[in-house]
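Reader: I have this model open and would like to go through it with you piece by piece. Could we start with the loops and work inwards?

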Amino acid sequence: MSTPLVSVILPAFNRLEFLRAAVDSVFTQTCSDWELIIADDGSESETQRYLASLHCPPRVQVIQLQHSGNPGAVRNVALRAAGGRYVAFLDSDDVWMPTKLERQVAALQARPGCRWGYTGYIRIDESGRPRSYPGTRQWVPYRGAVFEQLLTFDAEVSTPA
């Protein structure tokens, strides 16, 4: 198989009620040139059975780990297995809009010197309806050098963005 355009990195630990929707949001992407690498941080048997049903190399890899409780370390295990030109992170309780990868890859390809990108997001409740949370503000997109905005928390970059 050829190298995938995008490696999707998804750390998991139980939360099956959210995990299914996160995985489905990868499978419904309009950009179909991806691989999904799920690193499972020692989930219980029901989640492990679900993940085993997805395991279909090379398109979907499931890496079983002993529980560490460290999502960053779990992401890094999956990242080491990635073969794509681009990497996209998705958490087990997040869902992507269907055109997310297509639009983000197009934006990166339109700017060859650009090494990363981020998107907006919508916070949703348990039923998928938009929800606001106390203390949150409207997301503002920034372009170019955003280091200062990141340090001052003006630019907000969410992991699945």
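**Loop, core and helices**

Author: Let us begin with D94, which lies in the loop between strand 4 and helix 4; please keep in mind throughout that this is a predicted model.

Reader: What does D94 touch, not counting residues up to four places away in sequence?

Author: Setting those sequence neighbours aside, D94 touches A22, S25 and P160. As for R123, which is 29 residues from D94 along the chain, the C-alpha atoms of the two are separated by 9.2 Å.

Reader: S25 then. Where does it lie, and is it buried or exposed?

Author: S25 lies in helix 1, which covers residues 16-27, and S25 counts as buried because its relative accessible area is 5%, where the cut-off for buried is under 20%.

Reader: Which backbone oxygen does the side chain of S25 reach?

Author: That of A22, at 2.7 Å. A polar atom of the S25 side chain also lies 3.1 Å from the backbone nitrogen of W96. Leaving aside neighbours within four places in sequence, the residues in contact with S25 are L90, D94, V95 and W96.

Reader: Salt bridges next. How many does the structure hold?

Author: There are two salt bridges in the structure. In one of them, the side chains of D93 and R15 meet with an N to O distance of 3.4 Å. This pair links distant parts of the chain, 78 residues apart, with D93 in the loop between strand 4 and helix 4 and R15 in the loop between strand 1 and helix 1.

Reader: And how accessible are D93 and R15?

Author: D93 counts as partly exposed because its relative accessibility is 38%, and R15 is likewise partly exposed, with a relative accessible area of 36%.

Reader: Which residue forms a salt bridge with D91?

Author: D91 forms a salt bridge with R75, and the closest N and O atoms are 2.8 Å apart. D91 lies in the loop between strand 4 and helix 4, whereas R75 lies in helix 3, so the pair ties together parts that are 16 residues apart in sequence. Both D91 and R75 are buried.

Reader: Since R75 came up, what are the buried residues of helix 3?

Author: In helix 3, residues 71-81, the buried residues are V74, R75 and A78. They are on the same side of helix 3, because they cover an arc of only 100° around the axis. The elements that these buried residues pack against are strand 1, strand 2, strand 3 and strand 4.

Reader: Which residues of helix 2 are buried, and which are exposed on the other side?

Author: T47, Y50, L51 and L54 are the buried residues of helix 2. Their arc around the axis is only 95°, which puts them on the same side of helix 2. On the other side of helix 2, the exposed residues are R49, A52 and S53. Helix 1, strand 2 and strand 3 are among what covers the buried residues of helix 2.

Reader: Now the largest nonpolar core. Which of its residues touch the most other members?

Author: That core has 26 residues, and those touching the most other members are V6, V8, L10, L36 and I38. Two or more residues each come from strand 1 (6-12), helix 1, strand 2 (34-41), helix 2 (45-54), strand 3 (60-65), strand 4 (86-89) and helix 4 (100-110). Helix 1 gives the most to this core, namely five residues.

Reader: Take V8; what is it in contact with, leaving aside neighbours within four places in sequence?

Author: V8 is in contact with V26, W34, E35, L36, I37, A88, L90, W96 and L101.

Reader: Last topic, cysteines. How many disulfides does a search of the whole structure find?

Author: The search finds zero disulfides. C31 is in none, and the nearest cysteine sulfur, that of C114, is 17 Å away. C31 counts as buried because its relative accessibility is 11%.

Definitions and conventions:
Residues are numbered from 1 along each chain as its sequence is written. This is a predicted model: local features need pLDDT of at least 70, side-chain atom pairs count only at pLDDT 80 or more; totals for chains, interfaces and linings use all residues. Side-chain values use heavy atoms; hydrogens and water are left out. Helices (H or I, at least four residues) and strands (E, at least two) are DSSP runs, numbered from the N terminus. Buried means under 20% relative accessible area, exposed over 50%, partly exposed in between (1.4 Å probe, protein chains only). A polar contact is a pair of N or O atoms within 3.5 Å; within protein, one must be able to donate a hydrogen and the other to accept it, and residues adjacent in sequence count only if both atoms are side-chain atoms. Contact means heavy atoms within 4.5 Å. A nonpolar core is a set of buried Ala, Val, Leu, Ile, Met, Phe, Trp, Tyr and Cys residues joined through side-chain atoms within 4.5 Å. The arc is that of the directions from the helix axis to the C-beta atoms. A salt bridge is a side-chain nitrogen of Lys or Arg within 4 Å of a carboxyl oxygen of Asp or Glu. A disulfide is a pair of cysteine sulfur atoms within 2.5 Å.
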